Amino acid sequence: MKRSSNRLGLALVAVTLLGLAATALCGQSQPQNEGPRPARSRAEELLDRWNDIGNKLVAMAQDFPEEKYDFKVQKDERTFAQNLLHAAALDFVLIRRISGSNLGPDFGEGDNPSRDVFKTKADVVKFVQEAVADGAKVIQQQGDAGLDKTAKFFGNRMAHNSSIWTFAIEHSGEHYGQLVVYYRANNLVPPDSRRP
């Protein structure tokens, strides 16, 4: 009896190992047989990057406790809410230049909206969501051809829209990094760093 249960156990182990080996071999052979997928359009690739960083900022705006929205690590820097408002406002400034329209809500002059205009967490979340959504619409509407057009950038200088979009994405990434510090300073884990 003992021998047959040992044989059965060994047979199960052998079948399991063969199954795992077959799965590994199939997984390795597929990419070798298939060529790389073709590149998406430049606008689609840009849209992916725009939505990636934008959605991270939206997630932070929704997640961070409202009672900590006016937190800052040092006295001479923006609060958590001011960082989000600034990032979204600069996005709107650039979206407006690229689109030639006045998209988004009125938030005053410049790119540092007052907390008096965006008093609640819900106000800030909505503003960030609108910036991400409006930017995505412009990228989709203009497509690849829109990336080659030019618009006024900063100062008295023209730039290709592709460069302006890249600047906006990088700028949002800088503020994302700053907001990660605010999370960590409050013993919180940013949404993008959480394990499922």
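Predicted model: local features only at pLDDT ≥ 70, side-chain atom pairs only at ≥ 80, totals over all residues.

Me: Are H2 and H5 roughly parallel or roughly antiparallel to each other?

Reply: Helices here are DSSP runs (H or I, at least four residues) numbered from the N terminus, and axes are lines fitted to C-alpha atoms over the stretch in contact, with angles from 0 to 180 degrees between N-to-C directions. The axes of H2 (residues 42-63) and H5 (residues 161-185) come within 10 Å and cross at roughly 30°. Angles under 35 degrees count as roughly parallel and those over 145 as roughly antiparallel, and H2 and H5 are therefore roughly parallel.

Me: How many residues of the contact of H2 with H5 are charged?

Reply: Contact means heavy atoms within 4.5 Å, and the residues that make this one include Arg49, Lys56 and Asp63 of H2. Asp, Glu, Lys and Arg count as charged, Ala, Val, Leu, Ile, Met, Phe, Trp, Tyr, Cys and Pro as nonpolar, and the others, Gly among them, as polar. The contact of H2 with H5 has 12 nonpolar and two polar residues, and the number of charged ones is three.

Me: At roughly what angle do the axes of H4 and H5 cross?

Reply: Two packed helices are described by the distance between their axes and the angle between them. For H4 and H5 the axes come within 10 Å, and the crossing angle is roughly 145°.

Me: What is the volume of the largest cavity?

Reply: A cavity is a set of points on a 1 Å grid over the protein atoms alone where a 1.4 Å probe fits but cannot get out, and lining residues have an atom within 4 Å of a point. The structure holds one cavity of 30 Å³ or more. Its volume, the space filled by probe spheres set on the points, is about 90 Å³.

Me: Which helices each supply at least two residues of the lining of the largest cavity?

Reply: The lining has 14 residues, and those closest to the cavity centre are Gly54, Leu57, Asp91, Val132 and Ser172. By class, the lining has 11 nonpolar, two polar and one charged residues. The helices that each supply at least two of the lining residues are H2, H3 (80-99), H4 (121-148) and H5.

How values were computed: Residues numbered from 1 in each chain as written. Heavy atoms only, no water. Parallel < 35°, antiparallel > 145°, perpendicular 65-115°, else oblique. 1 Å grid on protein atoms, 1.4 Å probe; cavity = no way out; pocket = protein on both sides within 12 Å on 5 of 7 lines; lining within 4 Å.
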